[in-house]
Amino acid sequence: MGRGEHGLSAEDLIQEGTHLLINTYARYPILLVRGEGAKVWDSSGREYLDFVAGIAVCNLGHCHPKMVQALEEQARKLIHCSNLYYTGPQVELARRLCEHSFGERVFFCNSGSEANEAAIKLVRKYAKERHGGEKYEIITMENSFHGRTMGALSATGQQKFHKGFEPLLPGFTYVPFDDLDAVKEAIGPKTCAVMVEPIQGEGGVNLPSTNYLKGLRELCDQKGILLIYDEVQVGMGRTGTLFAYQHYGAPPHIMTLAKSLANGVPIGAMVITEEVAHTFSPGSHGTTFGGNPIATRVGCAVLDTLLGNGILENCQQMGEYLFAGLIDLKKRYDFIKEVRGKGLIIGVELEFEGKEIVERCLEKGFLINCTMDRVLRFLPPLNITRKEIDLLLTALEEVFSEQ
Ligand SMILES: Cc1ncc(COP(=O)(O)O)c(C=O)c1O
């Protein structure tokens, strides 16, 4: 291995990291130092093709020149100021997000969990003001993932993440994903909102039936409750449309975003309708760094680049190409149970745990991910090329043939 930063060898840095960093991630023993497009390099100069992209963060690829330029320019002008003042980039990103979605107002924060915390607080206060204190329950889905902070964790419908952190925030009911009747049954006088990922990411790349989101919206409207879409993973072009809900023709009242909104600069956002926006007033909610000039300026550059350069079209086409290649593999390897996805979020469910496959791919120079133990998940940059996909498919074929 070569040298990392500060002259220490990569091995020494990794070794030190195992002692100094809190052990919250099962990390691979490589030290990444550089990225460009769909490629990253480790400290020894070894190249990898990145089909994880920061888990759906680097949708424009690593260090996209437009993003780097926006970052550099803004860093010379103003890096931070308090939210007690206006800045151009924050207003401009809010405008762009509203122009391209159902939204009319935006709250900026720093992560997906934070965006979901904001949504949880908003729906509770909205219901309290309209209906009094007893309407605070939120229905979320089994196998959902909404983040690690206590509210977002409580919203997450997976016990494995809850373990050890109880008692959770009260007021969450979990129902099976893509089951409208289950939601109907679960709605009671205390329900104030339904929260759902349009496509579940961490839960194994689970797609809804065509009319599920529409049905949810109708149900929410009938019952006078709010609908929240968590688009933290599948928003910002990942599925081939700017927002995943746009495939299904059913806008929510509230949408949360993060991950790729600034292509790797930390940011989160809650996009909402004017009607629910009145719930928050000065003092209701806030965050020191949220909407800071750097993140929002980069967010503007990301949105402009995403929409102006055929990247969504490439995502659709390359999504279909990768999907077809994976289906082809499924025909030859019967341990592949299912291939599912939309655009460039694709899951391959295996009969067995995918850990070793991920490790073999890493050895061959490909970063891929596995979620729910058995679902290989592919989330490359949206400007990935056919040639890069071919390289992955060849590597997968080799790895699968060893099984
Ligand atoms: C759908 C969804 N919501 C929320 C989160 C949490 O986001 P963050 O890690 O930025 O807090 C994630 C992260 O994977 C996610 O996929």
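Which order do the strands of the open sheet with mixed pairing have? The order is β1-β2-β3-β13, 4 strands in an open sheet. Before you click on, some housekeeping. The model is predicted, so local features need pLDDT of at least 70 and side-chain atom pairs count only at pLDDT 80 or more, while totals for chains, interfaces and linings use all residues. Residues are numbered from 1 along each chain as its sequence is written, and side-chain values use heavy atoms, with hydrogens and water left out.

**Stop 1: the mixed sheet**

Select 32-36 and 366-367. These are β1 and β13, the edge strands, and each pairs on one side only. Strands here are DSSP runs of E, at least two residues long, and helices are runs of H or I with at least four residues; both are numbered from the N terminus. Two strands count as paired if DSSP finds at least two bridges between them.

Now pick 39-42 and 47-50: β2 and β3 run antiparallel and are joined by 3 bridges. Show side chains for Trp41 and you'll find Glu47 of β3 standing opposite.

**Stop 2: the antiparallel sheet**

Move on to the open sheet β11-β12-β15-β14, which has 4 strands and antiparallel pairing. Colour 336-342 and 369-371: β11 and β14 stand at the edges with a single partner strand each, so one side of each has no neighbour in the sheet. On average, neighbouring strands in this sheet are turned by 25 degrees against each other, direction ignored.

Zoom in on β11 with β12 (345-350), which pair in the antiparallel sense over 6 bridges. Val339 sits opposite Val348 in β12.

**Stop 3: helices around α14**

Two packed helices are described by the angle between their axes and the distance between the axes. Select 311-332 (α12) together with α14: the axes are 10 Å apart and the packing angle is about 15 degrees. That makes the two helices roughly parallel, a label for angles under 35 degrees; over 145 is roughly antiparallel, 65 to 115 roughly perpendicular, and the rest oblique. α12 passes α14 in a right-handed crossing, meaning that the near helix is turned clockwise from the far one by less than a right angle, with anticlockwise for left-handed.

On the α12 side, the contact residues include Met318, Tyr321, Leu322 and Leu329; on the α14 side, they include Ile389, Leu392, Leu393 and Phe400. Contact means heavy atoms within 4.5 Å. By class, this contact has 10 nonpolar, 1 polar and 4 charged residues. The nonpolar class is Ala, Val, Leu, Ile, Met, Phe, Trp, Tyr, Cys and Pro, the charged class is Asp, Glu, Lys and Arg, and the others, Gly among them, are polar.

Ile357, Arg360 and Cys361 of α13 meet Leu396, Val399 and Phe400 of α14. This contact has 5 nonpolar, no polar and 1 charged residues.

**Stop 4: α4 on α11**

Jump to 88-99 and 293-308. Helices α4 and α11 pack at about 35 degrees, with axes 8 Å apart, and here the crossing is left-handed. Among the residues that meet are Leu93, Arg96 and Leu97 of α4, with Cys300, Leu303 and Asp304 of α11. The contact divides into 6 nonpolar, 3 polar and 4 charged residues.

**Stop 5**

How many disulfides does the structure hold? It holds 0, with a disulfide taken as a pair of cysteine sulfur atoms within 2.5 Å. For Cys81, the nearest cysteine sulfur is that of Cys300, 15 Å away. The Cys192 sulfur is 10 Å from its closest counterpart, in Cys220, which is too far for a bond.

Last, go to Pro167 in the loop between α7 (159-162) and β6 (172-175). The peptide bond from Glu166 to Pro167 is cis, with omega near 5 degrees. Then try Asn143, in the loop between β5 (137-141) and α6 (150-155): Asn143 is not a glycine, yet its phi is positive, near 65 degrees.

Methods. Axes fitted to C-alpha atoms, helices over the stretch in contact; angles between N-to-C directions.
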